[in-house]
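Hello,

Here is the structure I promised to pass on to you. Have a look at it first, and then read on for my notes.

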Amino acid sequence: VTDRGERLGGERHWLDRLIALIPEGGALLDLGCGSGAPIGRHLLTQRLRVTGIDAAPSLIAHCRKRLPAGTWLVDDLRSLALGRRFQGLIAWDSLFHLGLRDQRRLFGRLADHADPGAPLLFTTGPKRGVALGAYRGAPLYHASLAPAEYRALLQAQGFELLDHVVADPACGEHTIWLAQRSG
Ligand SMILES: C[S@@+](CC[C@H](N)C(=O)[O-])C[C@H]1O[C@@H](n2cnc3c(N)ncnc32)[C@H](O)[C@@H]1O
């Protein structure tokens, strides 16, 4: 894992595609929003109402201070139940911090938070596997299901897969999924 800094790189293309599928002024949920930069900050410039959730209170405090136009909540993806639906969802580089079972369960939660027609953009690892690495001296957990399982989970929760690129060379080798909840 590297710190990519605060500038958007190859993510921009995917964010633009996500944004194009959300009605103007729509509500977008950013799951595992981190520091809010560069993604949350970019989304806020696009006439979207952004709600970001992250498990790290320090990161949410940072978002509240730097991006007051957004709504920033300390919450856990594993128990997320906001009781409302959004017109778009993004989980960029956050799913793989969850265990495999929690990732499977998350897809039901994503559906519970998605309006009909809402796009969903997320990244995963390129293939099934669990790895324990290190980031700035702290243990860092990475887990991914097999691509076929993500496809099946999307389908089971009523999301149509619009695009999927494994290890996108134009986007830092991210494995990217763009789906849309059936209308
Ligand atoms: C690699 S960062 C990505 C941040 C941001 N989405 C981005 O792309 O810049 C992963 C984020 O997921 C958050 N995270 C990890 N596990 C989580 C959980 N169970 N619930 C909520 N957030 C979690 C971490 O705190 C961290 O901010």
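This is a predicted model: local features need pLDDT of at least 70, side-chain atom pairs count only at pLDDT 80 or more; totals for chains, interfaces and linings use all residues.

Now for the overall build. You will find five helices and nine strands in the protein chain. If you follow the sequence, they come in the pattern α-β-α-β-α-β-β-α-β-β-β-α-β-β. The protein chain is as compact as a globular protein of its length, because its radius of gyration is 15 Å, close to the 16 Å that the globule rule gives for 183 residues. Along its principal axes, the C-alpha trace spans about 40 × 35 × 35 Å.

Next, the inside. Of the 183 residues in the protein chain, 44% are buried. As for the contacts with a separation of 6 or more, 64% of them come from residues 24 or more positions apart in the protein chain.

Val130, Leu132 and Tyr141 make a nonpolar surface patch of about 300 Å². Tyr141 sits in strand 7, which covers residues 138-144. Tyr141 counts as partly exposed because its relative accessibility is 31%, and partly exposed is the class between buried, under 20%, and exposed, over 50%.

Happy browsing, and do write back with any questions.

Best wishes

Key:
Residues are numbered from 1 along each chain as its sequence is written. Side-chain values use heavy atoms; hydrogens and water are left out. Patches are made of residues with over 30% relative accessible area and no salt bridge: like charges are joined within 9 Å, nonpolar side chains (Val, Leu, Ile, Met, Phe, Trp, Tyr) within 5 Å. Accessible areas come from the Shrake-Rupley method with a 1.4 Å probe; for residues, only the protein chains shown count as cover. A salt bridge is a side-chain nitrogen of Lys or Arg within 4 Å of a carboxyl oxygen of Asp or Glu. Helices (H or I, at least four residues) and strands (E, at least two) are DSSP runs, numbered from the N terminus. Buried means under 20% relative accessible area, exposed over 50%, partly exposed in between (1.4 Å probe, protein chains only). The radius of gyration is taken over C-alpha atoms; the globule rule is 2.2 Å times the number of residues to the power 0.38. Contact means heavy atoms within 4.5 Å.
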